[in-house]
Amino acid sequence: MESLTTGTLAGTGTFRCEICGHVLEMPTADVLPACPGCDGASFTRASLFAGTGRFQRAEPDAPTHVDAVDAASDAIDDAGRYLVFHDAGEVRTVAMPGDSMRIGRSLSAHLRFEDPTVSRRHAVLIAEPDGVRVLDDRSLNGVFVNGQRIVSQLLADGDEIVIGRYRLRYADRSAIGAEAAATPLAAE
């Protein structure tokens with residue numbers, strides 16, 4: 001495929017940023033601007049038939065990513081409910097705020113992913129008396145828990161949730177707080 005850079009006179013059509021995958025549409029022959037997604041300067045003519053790999057289903061992470069997520073999940077010391085995942089070269093740990101957590105591309109989401117494989121309103125986590133439930137919020141690509149597509153499912157510690165291309169590990173450390181609170185009472 002023909003690769004173009006910023007400032008190059010390009011014909012009509014669509015062009016994909018080689019860095020972030022953002023697509024620009026050029027209705028007339030004009031100079032390509034910088035990518036609005038990442039300020040990148042390298043574009044490839046977009047094609048419906050070319051494999052970009054950008055919209056493929058999530059494949060299992062490399063062992064180093066899985067090990068890093070496991071290590072980060074095991075390192076959580078504070079009581080609470082968390083999602084641990086690999087994003088942009090680093091492992092992130094996000095605590096569930098309160099009794100619910102919205103996940104998606106929307107600006108109102110508690111956990112926001114700017115990725116076309118994630119719907120604006122993709123999933124919701126809701127705290128219930130017997131645990132945390134994940135609900136598919138009418139997403140286009142669905143929500144998967146431990147490899148199975150779900151509409152609603154109660155989560156257990158260590159469950160893997162797939163949302164778009166992201167693999168999230170659910171870590172329930174709410175028992176840590178309960179154990180710590182029970183220990184001083186038993187000592188008295």
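Author: What follows is a short exchange about strand pairing in this predicted model.

Reader: How do you know that β11 and β12 pair?

Author: Two strands count as paired when DSSP finds at least two bridges between them. Strand β11 (residues 123-128) and strand β12 (residues 131-136) are joined by six bridges. Six meets that cut-off, so they are a pair. The two run antiparallel. V124 stands opposite L135 in β12.

Reader: Why is β15 called a partner of β12?

Author: The cut-off is at least two bridges. Between β12 and strand β15 (residues 152-154) there are three, so the pair qualifies. Their sense is antiparallel. In this pair, V134 has Q153 of β15 as its bridge partner.

Reader: What is the strand order in the open sheet of six strands?

Author: The order is β8-β7-β17-β16-β13-β14, and the pairing is antiparallel.

Reader: What makes β8 and β14 edge strands?

Author: Strands β8 (90-95) and β14 (148-150) each pair on one side only. From one strand to the next, the twist averages 30°.

Reader: How do you know that β7 and β17 pair in that sheet?

Author: Count the bridges again. Strand β7 (residues 81-87) and strand β17 (residues 166-172) share five, in the antiparallel sense. At least two are needed, so β7 and β17 are paired. V84 of this pair stands opposite R169 in β17.

Notes:
Residues numbered from 1 in each chain as written. Predicted model: local features only at pLDDT ≥ 70, side-chain atom pairs only at ≥ 80, totals over all residues. Heavy atoms only, no water. Helix = DSSP H or I, 4+ residues; strand = E, 2+ residues; numbered from the N terminus. Axes fitted to C-alpha atoms, helices over the stretch in contact; angles between N-to-C directions.
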